[in-house]
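Let's take a walk through a protein model together. Start with the overall layout, then look at the strands, and finish with a group of rings.

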Amino acid sequence: MGLSIRDVVAELLDQRGGGFPGDLVAERAVELVAGDGATLFAHHAAAGTVRRFGHAPGPGLLSESQTCALLDVHPDFSTGGLEPRRITDVVGAASWRRTRARSELLAHTGMRYELFVPLGALEQPYQALAIMREDRDFSEAECDLLATLQPVLIGLLTLASVPHQPPTTGPDKPLHASRAAGAA
């Protein structure tokens, strides 16, 4: 039996580092849909920057500068929406093969198909999980599977972005004493 969404969610929620477990997310997403590689990225188009915050290496993984160049010409970013989608849903397989993004930047990796899972609204920076595969397009069932995982990933990203606040009670000030002082 393969990896389940329940297993992945439990593993992600069990992480104790306080930050977003980007590499683990990418690795598990690849396992869930039998992908060949994945990357999590934050793209700020106005600033012309991209930050990778997780990846599962595949053949010829792009550098951050190559990823930024790809995102600037990638047809997926004009579609909007939060649902996971295949690149072939956006531009069609024949049109995708003729794009600059595919011919100049992805061809050297051998990847032919992509599945994007947006991790928030189309605002700056745009954050997403991109899973790539060489041999076949992603199915509707695989899109649905990742749509199930998507709210968990968005929640984890939100939690990771909240600054850590020290507790208001210290070791020398027990919680019950704080409450009593506040009630007086």
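First, a word on terms: helices (H or I, at least four residues) and strands (E, at least two) are DSSP runs, numbered from the N terminus. With that in hand, reading along the sequence gives the pattern α-α-β-β-α-β-α-α-α-β-β-α-α. That makes eight helices and five strands.

Keep in mind that this is a predicted model: local features need a pLDDT of at least 70, side-chain atom pairs count only at pLDDT 80 or more, and totals for chains, interfaces and linings use all residues. Residues are numbered from 1 along each chain as its sequence is written, and side-chain values use heavy atoms, with hydrogens and water left out.

**How confident is the model?**

The score called pLDDT is the predictor's confidence in each residue, from 0 to 100. Here the average is 77, and 63% of the residues score at least 70. Among the elements, helix H2 (residues 22-33) has the highest mean, 93, while helix H8 (residues 175-183) has the lowest, 50. Where pLDDT is low, the predicted coordinates should not be read in detail.

**The strands**

Two strands pair if DSSP finds at least two bridges between them. Strand S1 has partners in S2 and S5, and S5 also pairs with S4. Here are those pairings:

| Strand pair | Sense | Bridges |
|---|---|---|
| S1 and S2 | antiparallel | seven bridges |
| S1 and S5 | antiparallel | seven bridges |
| S4 and S5 | antiparallel | six bridges |

Now zoom in on single residues. Over in S5, Arg133 is the bridge partner of Tyr113.

How much of this is covered up? A residue is buried under 20% relative accessible area, exposed over 50%, and partly exposed in between (1.4 Å probe, protein chains only). Of the 184 residues in the protein, 40% count as buried. In S1, seven of the eight residues are buried, so this strand is largely enclosed by the rest of the structure. S5 is mostly covered too, with seven of its eight residues buried.

**A cluster of rings**

Rings of Phe, Tyr and Trp (its six-membered ring) pair if their centres lie within 6.5 Å; planes under 30 degrees apart count as stacked, over 60 as edge-to-face and the rest as tilted. How many aromatic pairs does this rule give? The count is three. In one of them, the ring centres of Phe41 and Phe116 are 6.3 Å apart and the planes sit at 85°, so the pair is edge-to-face. Phe41 is in strand S1 (residues 37-44) and Phe116 in strand S4 (residues 113-118), so the pair ties together parts 75 residues apart in sequence. Phe41 is buried, with a relative accessible area of 1%, and Phe116 is buried with a value of 1% as well.

Phe41 also pairs with Tyr126, and this pair is tilted: 6.3 Å centre to centre, with 45° between the planes. Tyr126 lies in strand S5 (residues 126-133) and Phe41 in S1, so this pair ties together parts 85 residues apart in sequence. Put together, ring pairs link Phe41, Phe116 and Tyr126 into a cluster.
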